[in-house]
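Q: Hi! I have a structure open and would like to talk it through with you. Could you have a look with me?

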Amino acid sequence: MSWFADSAWLPSGIAHDVRFEVADGRLTEVRAGAEPGDARRLRGLVLPGFANAHSHAFHRALRGRTHGGGGTFWTWRDAMYSIAGRLDPDSYLTLARATYAEMALAGVTSVGEFHYLHHAPGGERYAEENVMAEALRQAAADAGIRLTLLDTCYLTGGLDSTGHKPLVGPQLRFSDGDVGRWAERVERLTPSDGMTVGVAIHSVRAVPRAALGSVSFVAAGRPVHAHVSEQLAENAACQAFYGCTATMLLDDEGVLGPGTTAVHATHLADADIDVLGHSRTTICMCPTTERDLADGIGPARRLAATGCPITLGSDQHAVIDLLEEARSLEMDERLSSGERGRFTPTELLAALTGHAGIGWPDAGRLEAGGLADFVAVRTDTVRTAGADPEQILLSATAADIDTVVVSGEPIVEGGRHRLGDVAAMLSAAIQPLWESA
Ligand SMILES: [Zn+2]
């Protein structure tokens with residue numbers, strides 16, 4: 001199979017008349033200045049597939065229901081818990097399939113799913129213990145995107161100056177009881193074509209110090225993700241009980257390093273930035289979530305300057321538009337620093353397509369040997385017409401994405417997903433959850 005683009009963003013920059021040869025899901029040759037011949041034509045500017053490095057698929061049910069009434073991160077969390085309490089394997093599959101299809105429409109070719117909804121209500125194990133993970137595997141396969149299942153250790157209900165709190169209500173569904181039982185269940189999760197397995201530490205609120213090293217050990221080289229310092233209250237509790245920051249606690253327990261991703265990293269001390277940078281820990285920024293939840297603006301430029309790769313996630317899915325996440329990485333820096341051009345377009349593209357932190361190091365670059373994932377962005381819409389292609393990430397939105405190809409297979413063509421009407425799928429998945437509330 002061959003594809004042809006009038007222009008494409010290659011590792012060397014934007015090239016013209018590019019022909020892609022694909023075999024067994026990989027690019028075997030990428031040639032600029034080529035003739036189209038019999039190749040299938042791609043419309044607009046072709047980019048590598050986007051990596052959505054931080055997702056909680058079921059949070060999609062909260063969109064448009066939690067933003068208008070004020071409140072805080074913690075009141076938002078109560079609404080999230082009420083949805084978490086109602087999902088079963090069938091409704092989870094329906095919701096995740098529609099959410100992943102929406103991601104595909106937005107150019108996402110791989111998603112890192114931070115998965116903590118793994119038990120039945122009350123905390124019982126399902127008879128088929130990983131049935132909720134299997135729902136996610138099926139959902140991603142149906143939607144046509146690659147999945148990194150980050151099975152999340154979640155053991156306690158919170159942290160204050162006196163220590164870790166017991167789990168309450170819907171939180172019981174998130175826990176295996178202890179880290180040993182979590183590890184046993186995770187070991188029985190098997191990767192498959194299109195799905196890889198990693199692990200996650202929910203946060204220093206939900207995993208006590210004694211279990212942190214065990215989670216890293218179980219990872220055994222697979223990706224490790226953790227929410228880090230999204231909220232000031234987490235920092236205060238960590239400081240009060242452990243006498244150090246969340247970053248330092250994770251560092252003391254050997255969690256940080258090139259295989260680890262710290263999600264958010266919003267409220268950091270100078271020493272935290274140094275430790276994250278020197279350990280080459282990846283930072284996943286989630287700008288649309290961080291602004292919706294009034295988390296704050298993390299020090300992305302400083303983290304990048306000390307050595308942290310930066311990735312992006314749509315997290316709670318108040319917005320699923322990875323181009324918007326990339327643009328916001330730069331725009332938030334402008335607001336907080338008073339300077340423009342904090343990230344170059346090439347750096348924004350690297351964040352948008354950074355697959356290594358979710359365990360797909362062969363994806364995200366249009367070069368021979370890489371996975372044949374690409375996203376064709378129209379340059380003739382009302383948003384993009386007249387723009388310099390080099391600045392497409394600062395002008396285009398998810399609505400401008402025409403074609404999405406994963407492992408050489410088109411999953412979106414002409415802006416339509418292969419499963420059909422994704423808005424109808426989302427409605428059908430979400431409405432019953434609120435009607436049963
Ligand atoms: Zn999250």
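This is a predicted model: local features need pLDDT of at least 70, side-chain atom pairs count only at pLDDT 80 or more; totals for chains, interfaces and linings use all residues.

Q: Thanks! Which residues are the protein donors?
A: They are His54, His56 and His227, each through NE2, and Asp315 through OD. Their distances from the zinc ion run from 2.1 to 2.7 Å.

Q: And what spacing do the donors follow along the chain?
A: The pattern is H-x1-H-x170-H-x87-D. Distant parts of the chain are linked here: His54 sits in strand S5 (residues 50-55) and His227 in strand S11 (residues 224-228), 173 residues apart.

Q: Is His54 buried or exposed?
A: His54 is buried, with a relative accessible area of 0%. For His227 the value is 6%, and because the cut-off for buried is under 20%, His227 is buried too.

Q: Changing topic: how many residues are in the largest nonpolar core?
A: That core has 121 residues, and Phe58 and Tyr100 have the most contacts inside it. Helix H2 (residues 89-105) supplies the largest share, nine residues.

Q: Nice. What does Phe58 touch?
A: Leaving out residues up to four places away in sequence, Phe58 touches Met80, Ile83, Ala84, Leu87, Tyr92, Leu95, Tyr116 and Leu117.

Q: Which residues does the second core include?
A: Among its 16 residues are Ala5, Val18, Leu27 and Val46, and this core is separate.

Key: Residues are numbered from 1 along each chain as its sequence is written. Side-chain values use heavy atoms; hydrogens and water are left out. A nonpolar core is a set of buried Ala, Val, Leu, Ile, Met, Phe, Trp, Tyr and Cys residues joined through side-chain atoms within 4.5 Å. Buried means under 20% relative accessible area, exposed over 50%, partly exposed in between (1.4 Å probe, protein chains only). Helices (H or I, at least four residues) and strands (E, at least two) are DSSP runs, numbered from the N terminus. Contact means heavy atoms within 4.5 Å. Donors are N, O and S atoms within 2.8 Å of the metal (3.2 Å for Na, K and Ca); water is not among the atoms, so sites may look incomplete.
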